[in-house]
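Please keep the model open beside the text and find each residue as it is named.

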Amino acid sequence: MKKYKKYLIDMITIFGTNALIYFLSQKIITNYHLMGSTLDSKIPFIPSFFIIYTLWYPLVIFTFFVLYKSNRNLYNKTKLTTIISLIILYIIFFAYPTTVNRPTLNSFNTLGTFIAYVSFKADKPVNCFPSGHCLLCFILIYTLLKDNKINLYLKIILICAFTVIIISTLLTKQHVILDVIGSLILSFITCIIIPKTKYFKKTIKQ
């Protein structure tokens, strides 16, 4: 367990802080801009995709664990990229708070509709642009594509899983197309542009 102490501290710190700020932001922010388009209204609501959507947290944590074990340098770069991305994400959330329209669910009769019902009750449809779920998916897909130490089959499975999760954010009506595009642009900035800066390189060397 000692050899994974740093990994555990990293995950608790990053995602614990993320959850805390997300919770506080819902208490502080009151005025939201409605997101959505005609194209979004044509995307069907498929509750069964909530089963896939809920795999996001365990998959993200697991992928970081795989990186920690197989490629410590890439793990550190991805960790820093994630922290920078989340900071920018919350700056956007506070500067331009957003919301989306969700379907109304008053009952459930399948596992998918049950998860959807619980999710809709527990989590307000706010802080949507860019999508934090998609942002981390794009970052980890990019990281996995760069990695040459992780088992190829595991890499393919994880990339496919993250891709389906991105799709699930639309089919569960948790996000709209613009949220996904915004997270893709932000991931491009934090994965490709920012790592070229002196600050990023200097921080990684420390």
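1. The side chains of aspartate 10 and lysine 6 form a salt bridge, with 3.3 Å from N to O. A salt bridge here is a side-chain nitrogen of Lys or Arg within 4 Å of a carboxyl oxygen of Asp or Glu. Both residues belong to helix α1 (residues 5–28) and stand 4 residues apart, about one turn of the helix. Helices (H or I, at least four residues) and strands (E, at least two) are DSSP runs, numbered from the N terminus. An α-helix has 3.6 residues a turn, so residues three or four places apart point the same way.

2. The model is predicted: local features need pLDDT of at least 70 and side-chain atom pairs count only at pLDDT 80 or more, while totals for chains, interfaces and linings use all residues. Residues are numbered from 1 along each chain as its sequence is written, and side-chain values use heavy atoms, with hydrogens and water left out.

3. How many salt bridges does a search of the whole structure find? The search finds 2. In the other bridge, the side chain of aspartate 10 meets that of lysine 79, at 3.4 Å from N to O. Aspartate 10 lies in helix α1 and lysine 79 in helix α5 (residues 72–95), so this pair ties together parts that are 69 residues apart in sequence. Through shared partners, Lys6, Asp10 and Lys79 are joined into one network.

4. Aspartate 10 counts as buried because its relative accessibility is 11%. Lysine 79 is likewise buried, at 15%, whereas lysine 6, at 37%, is partly exposed.

5. The protein contains 10 helices and 2 strands. Along the sequence they follow the pattern α-β-α-α-α-α-β-α-α-α-α-α. The radius of gyration is 17 Å, close to the 17 Å that the globule rule gives for 206 residues, so the protein is as compact as a globular protein of that length. This radius is taken over C-alpha atoms, and the globule rule is 2.2 Å times the number of residues to the power 0.38. Along the principal axes, the C-alpha atoms fill a box of roughly 50 × 35 × 30 Å. Buried residues make up 46% of the 206 residues.

6. Of the 39 residues in the largest nonpolar core, Met11, Val60, Phe64, Tyr75, Phe162 and Ile166 touch the most other members. Such a core is a set of buried Ala, Val, Leu, Ile, Met, Phe, Trp, Tyr and Cys residues joined through side-chain atoms within 4.5 Å. Two or more residues come from each of α1, α4, α5, α7, α8 and α9, and α7 gives the most, with 9 residues. A second, separate core of 6 residues includes Tyr53, Leu105, Ala116 and Phe120. In soluble globular proteins, nonpolar side chains tend to be buried together.

7. Helix α4 (residues 56–70) has 15 residues and reaches 21 Å from its first C-alpha to its last, close to the 21 Å expected. The expected span is 1.5 Å times one less than the number of residues. Among the buried residues of α4 are Trp56, Val60 and Phe64. What covers the buried residues of α4 includes α1, α3 (49–53), α5, α7 (132–146) and α8 (152–171).

8. In helix α9, the buried residues are Asp179, Val180, Gly182, Ser183, Leu186, Ser187, Thr190 and Cys191. Why do they count as being on the same side of α9? They cover an arc of only 160 degrees around the axis, which puts them on the same side; the arc is that of the directions from the helix axis to the C-beta atoms.

9. Serine 85 is placed in helix α5 and counts as buried, at 0% relative accessibility. Leaving aside neighbours within four places in sequence, serine 85 is in contact (heavy atoms within 4.5 Å) with Leu135, Ile139, Leu186 and Thr190.

10. Phenylalanine 129 is found in the loop between α6 (111–122) and α7. With neighbours within four places in sequence left aside, the contacts of phenylalanine 129 include Met35, Ile92, Leu178 and Gly182.

Terms used. Buried means under 20% relative accessible area, exposed over 50%, partly exposed in between (1.4 Å probe, protein chains only).
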